[in-house]
Amino acid sequence: FAETRGGPTSSQPCRQWQQQKQFTMQRRFMKFGKRVVKKKKPAIKPFKNWNIVKGDHVYLIDGRDRGKDGIVTKVIRAKNRVVVGGLNLAKRRVPPNAEFKGGILSVE
């Protein structure tokens, strides 16, 4: 009895607990019965020469809004990104409050 459950004299935990722990550790990385390993995103290296600044007129050559042009509203140098006003908009639902009746808004 003390051999399988672990007891006050035993330094080993019970075998059933070890098997259950091992099973839950395996399940943590399973998805639809297949083993899934999360991949780390590669670190972004900022460009050395950056000639785009806020207020520049730019023309998009790729993405959902390709072929459109706009004015740069924000430059994020650490992520090599530029926010262009009026492009790449997303819809957000805003609940009603005392000042605003609510609805769906387009935000950058």
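The model is predicted, so local features are given only where pLDDT is at least 70, side-chain atom pairs count only at pLDDT 80 or more, and totals for chains, interfaces and linings use all residues. Residues are numbered from 1 along each chain as its sequence is written, and side-chain values use heavy atoms, with hydrogens and water left out. The protein holds 2 helices and 7 strands; here helices (H or I, at least four residues) and strands (E, at least two) are DSSP runs, numbered from the N terminus.

**The protein as a whole**

- Along the sequence, the elements follow the pattern α-α-β-β-β-β-β-β-β.
- Of the 108 residues of the protein, 7% count as buried; buried means under 20% relative accessible area, exposed means over 50%, and partly exposed lies in between (1.4 Å probe, protein chains only).
- Take the contacts between residues at least 6 apart in sequence: 23% of them join residues at least 24 apart, where contact means heavy atoms within 4.5 Å.

**The sheet**

- Strands of a sheet pair through backbone hydrogen bonds, either parallel or antiparallel.
- Here 3 strands form an open sheet in the order E3-E4-E5, with antiparallel pairing; two strands pair if DSSP finds at least two bridges between them.
- Strand E3 (57-59) and strand E5 (81-84) stand at the edges with a single partner strand each, so one side of each is left without a neighbour in the sheet.
- From one strand to the next, the twist averages 60°; for such angles, axes are lines fitted to C-alpha atoms (for helices over the stretch in contact), and angles run from 0 to 180 degrees between N-to-C directions.
- E3 pairs with strand E4 (residues 69-76) in the antiparallel sense over 3 bridges, and histidine 57 stands opposite isoleucine 71 in E4.
- E4 and E5 are also joined in the antiparallel sense, over 4 bridges, and here isoleucine 76 stands opposite arginine 81 in E5.

**The hairpin turn between E4 and E5**

- E4 and E5 form a hairpin with 4 residues between them.
- Alanine 78 sits in the loop between these two strands, E4 and E5, and counts as exposed because its relative accessibility is 57%.
- Leaving aside neighbours within four places in sequence, alanine 78 is in contact with Ile44 and Pro46.
- The C-alpha atoms of alanine 78 and phenylalanine 47 are separated by 8.7 Å, and the two residues are 31 residues apart along the chain.
- Asparagine 80 belongs to the loop between E4 and E5 too; with 21% relative accessibility, asparagine 80 counts as partly exposed.
- Most residues other than glycine have a negative phi.
- Asparagine 80, however, has a positive phi, near 55°.

**Aspartate 65 and asparagine 88**

- Aspartate 65 lies in the loop between E3 and E4, and its 11% relative accessibility is why aspartate 65 counts as buried.
- Asparagine 88 is placed in the loop between E5 and strand E6 (90-94), and is exposed, with a relative accessible area of 56%.
- These two residues meet: the side chain of aspartate 65 reaches the backbone nitrogen of asparagine 88 at 2.5 Å. A polar contact is a pair of N or O atoms within 3.5 Å; within protein, one must be able to donate a hydrogen and the other to accept it, and residues adjacent in sequence count only if both atoms are side-chain atoms.
- Neighbours within four places in sequence aside, aspartate 65 is in contact with Leu60, Leu87 and Asn88.
- Asparagine 88 has a positive phi of about 55° although it is not a glycine.

**The largest pocket**

- About 720 Å³ of space lies in the largest pocket; a pocket is an open set of points on a 1 Å grid over the protein atoms alone, where a 1.4 Å probe fits, with protein on both sides within 12 Å along at least five of seven lines, and lining residues have an atom within 4 Å of a point.
- The largest pocket is lined by 22 residues, and the closest to its centre are Leu60, Arg81, Val82, Val83 and Val84.
- E3 and E5 are the elements that give two or more residues to this lining, and the largest share, 4 residues, comes from E5.

How values were computed. Grid points are joined across faces, edges and corners, and a volume is the space filled by probe spheres set on the points.
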